[in-house]
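Dear colleague,

Here is the structure that I promised to hand over to you. Please open it beside this message, and read the notes below with the chains in view.

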There are 2 protein chains.
Amino acid sequence: MFEAPYLLFLGDAPDALAAKMAQGIYDWRPEAVAGQFRMEECGADLGIKDLSIKEAAEAGVKTLVIGVVNRGGIISEGWKSILVEALEAGMDIASGLHTLLRDQPELVEAAEKNDCSLHDVRIPTVKYPIANGKNRSGKRCLAVGTDCSVGKMYTTLAMDREMKKQGRKSTFRATGQTGILIEGNGVPLDAVIADFMAGSVEYITPDNDADHWDFIEGQGSLFHASYSGVTMALIHGGQPDALILCHEPTRETMRGLPDYTLPSLEELREMVMPIAKVVNPDCKAVACSINTQHMSEDEALTYLAEVEKQMGIPAVDPFRQGAERLIEALG
Amino acid sequence: MFEAPYLLFLGDAPDALAAKMAQGIYDWRPEAVAGQFRMEECGADLGIKDLSIKEAAEAGVKTLVIGVVNRGGIISEGWKSILVEALEAGMDIASGLHTLLRDQPELVEAAEKNDCSLHDVRIPTVKYPIANGKNRSGKRCLAVGTDCSVGKMYTTLAMDREMKKQGRKSTFRATGQTGILIEGNGVPLDAVIADFMAGSVEYITPDNDADHWDFIEGQGSLFHASYSGVTMALIHGGQPDALILCHEPTRETMRGLPDYTLPSLEELREMVMPIAKVVNPDCKAVACSINTQHMSEDEALTYLAEVEKQMGIPAVDPFRQGAERLIEALG
């Protein structure tokens, strides 16, 4: 979808949190990042090389990626002259903001004049097919969660990285805007039209080498009333061979749904397995990935041991412990 | 969305099958239909009054509904002068065709000039909210199927009609284009953006009187790889109190998926109940609705008796037998 190397645009981010997107991209794709661009008033710093637009162009940067989020997700007036300068230097621009690059006349004009592209990663750019449910070659692993935002993206990114470290073939398949900005392509699944959801997931996880693994970023949860349809389409479109069950044990209610409590990992497994087997009778739930960030090291290790015993499969916090055992669980 | 009385436009339909949509509207809403309009070469006939555009206008027709489908779902050149005449006579036009009314300049111009509306029912017109999962007053019944096109719409229409016949409060909630043309409103769910699917179903089934039933038209199937996400959103957005399990016993493979066989009604019940209970712990699968059109009367009755025994709930073909026992099963 868009090309590295990147210049990460931190703009006038008041603090590190506002530049979380840039941090995520740098954490997961350091080799794709040439440097950062910070305005004078910027309070964030990734600790990497500061480049002016001119220096970035000379360093061969292909895409300026907007890595800062402000209130309302808008493209602030103060950024525009810099973004125009980048387009005039021949760079593309990629953004996951709510406000679209394509709706800014001065950016559209500069992009056209310089034959550059504006990538709004929230908007699907492909005319996706309707899913056909056909068996595909290669292996696929999908993260499913007891709730939204429990660590599904982190889990699949960590597994993809570990797999590559071991010299094995794998690809991270992004299904949300952050994942797309990290990987440079993917499907913004929550913005796809209902009829084409499963088809879009088939589209991004095509036939592959028999020993190649796709690590598909999960979305939503089968237990989340607002987004369960998206999760369903991921399972039936992704046709996973392996599921990783993701959970955040300290959360009390479902994200955005204060009337709903989280299901247990057992309940998740019981619900998801018959659904997954509709499209792949050999699918297995191979491991649990637990987000223990709100627990002490002791609490976390005790909890992980308990889950492992109850579920009969490895339970790992890939942030604390790495993803080796998750990869091992794939067989 | 659009108003009765209707003039059903059969155009140049070569045969009854091409005018199936008009037949469906007349079957389910005869009180809304003022008459039919047939071009000279039309081979279909609903057996109701033929009206010219002028006569229809004089009879107070509010909406001309395109009830004919031709190859490619296009608006043929031959229809256009008639449609323009209808707009000039003050009628709105409603269509479920792939080709949109709004993309025909001569129709747009005539509609604007005469202050009339063009309703393309395949296109959502509402900015739907994200589902909130909150409990709503009133009762809801949803048809779920072992496959697509097994009689879910027929079942809910028949139940709504029977309920009204008994003097009880109910509403048919359309979720597809045919249902919308019949009811005059609803959500074209397969065209809604993923994030808003469940929210759109909540939107069309709002709080209601405690003794009012919504009969929600089902879509897809949890077992259909292409559309299961849409079905999921219907279950979690619709928050049903009662499910009707729909099945077509002679079908060998899933519609459009030749590699997949149909699940049994038991498998459907096992999968759907835990999903439905996420949003409504009191939800029950109250009856089976079986489409026995490809069976003889004897075969059908034997089969229905078997299903009833196996499933422990009433099994009915509402087309053969009426919907009384389905309504009874709601309690």
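Pro5(B) sits in the segment before β1 (6–11) of chain B, where helices (H or I, at least four residues) and strands (E, at least two) are DSSP runs, numbered from the N terminus. The peptide bond that leads from Ala4(B) to Pro5(B) is cis, with omega near -5 degrees. In chain A, a cis peptide bond likewise joins Ala4(A) and Pro5(A), with omega about -5 degrees, and Pro5(A) lies in the segment before β1 (6–11) of that chain.

Please keep in mind that this is a predicted model, in which local features need pLDDT of at least 70 and side-chain atom pairs count only at pLDDT 80 or more, while totals for chains, interfaces and linings use all residues. Residues are numbered from 1 along each chain as its sequence is written, chains are lettered from A and ligands numbered from 1 in the order in which they are written, and side-chain values use heavy atoms, with hydrogens and water left out.

Two residues of chain B deserve a look for their backbone angles. Ser149(B), in the loop between β6 (139–145) and α5 (152–165) of chain B, has a phi near 50 degrees, which is a positive value in a residue other than glycine. Gln239(B), in the loop between α8 (228–238) and β9 (242–247) of chain B, also has a phi near 50 degrees, again positive in a residue other than glycine. Are these two residues buried or exposed? Ser149(B) is partly exposed, with a relative accessible area of 41%, whereas Gln239(B) is buried, at 3%; here buried means under 20% relative accessible area, exposed over 50%, and partly exposed in between (1.4 Å probe, protein chains only).

Next comes the place where the two chains meet. The contact (heavy atoms within 4.5 Å) takes 35 residues from chain A and 35 residues from chain B. Between them, chain A and chain B bury about 2,700 Å², 62% of it on carbon and sulfur atoms, where buried area is the accessible area (1.4 Å probe) that two parts lose on being put together, summed over both. Of the area that chain A buries against chain B, Asp195(A), Tyr260(A) and Val278(A) supply 18%, more than any other three residues. On the side of chain A that touches chain B, α7 (197–204), α8 (228–238), β11 (257–261) and α9 (265–279) each supply at least two residues, and the largest share, six residues, comes from α8(A).

Which kinds of polar link cross this interface? The rule finds zero salt bridges there (a salt bridge is a side-chain nitrogen of Lys or Arg within 4 Å of a carboxyl oxygen of Asp or Glu), but it does find ten residue pairs in polar contact, both residues at pLDDT 80 or more. A polar contact is a pair of N or O atoms within 3.5 Å; within protein, one must be able to donate a hydrogen and the other to accept it, and residues adjacent in sequence count only if both atoms are side-chain atoms.

Over all chains, by contrast, the structure holds 36 salt bridges. One of them joins Lys164(A) and Asp160(A), with the closest N and O atoms 2.9 Å apart; both residues lie in helix α5 (residues 152–165) of chain A, four residues apart, about one turn of the helix. Lys164(A) is partly exposed, with a relative accessible area of 42%, while Asp160(A) counts as buried at 6%. Another joins Arg320(B) and Glu297(B), whose closest N and O atoms are 2.8 Å apart. Because Arg320(B) lies in helix α11 (residues 318–321) and Glu297(B) in helix α10 (residues 297–311) of chain B, this pair ties together parts that are 23 residues apart in sequence.

Lys80(A), in helix α3 (residues 77–88) of chain A, is buried at 7% relative accessibility. The side chains of Lys80(A) and Gln104(A) are joined by a polar contact of 3.0 Å.

Finally, the structure holds zero disulfides over all chains, a disulfide being a pair of cysteine sulfur atoms within 2.5 Å. For Cys288(A), the nearest cysteine sulfur, that of Cys246(A), is 8.6 Å away.

With best wishes
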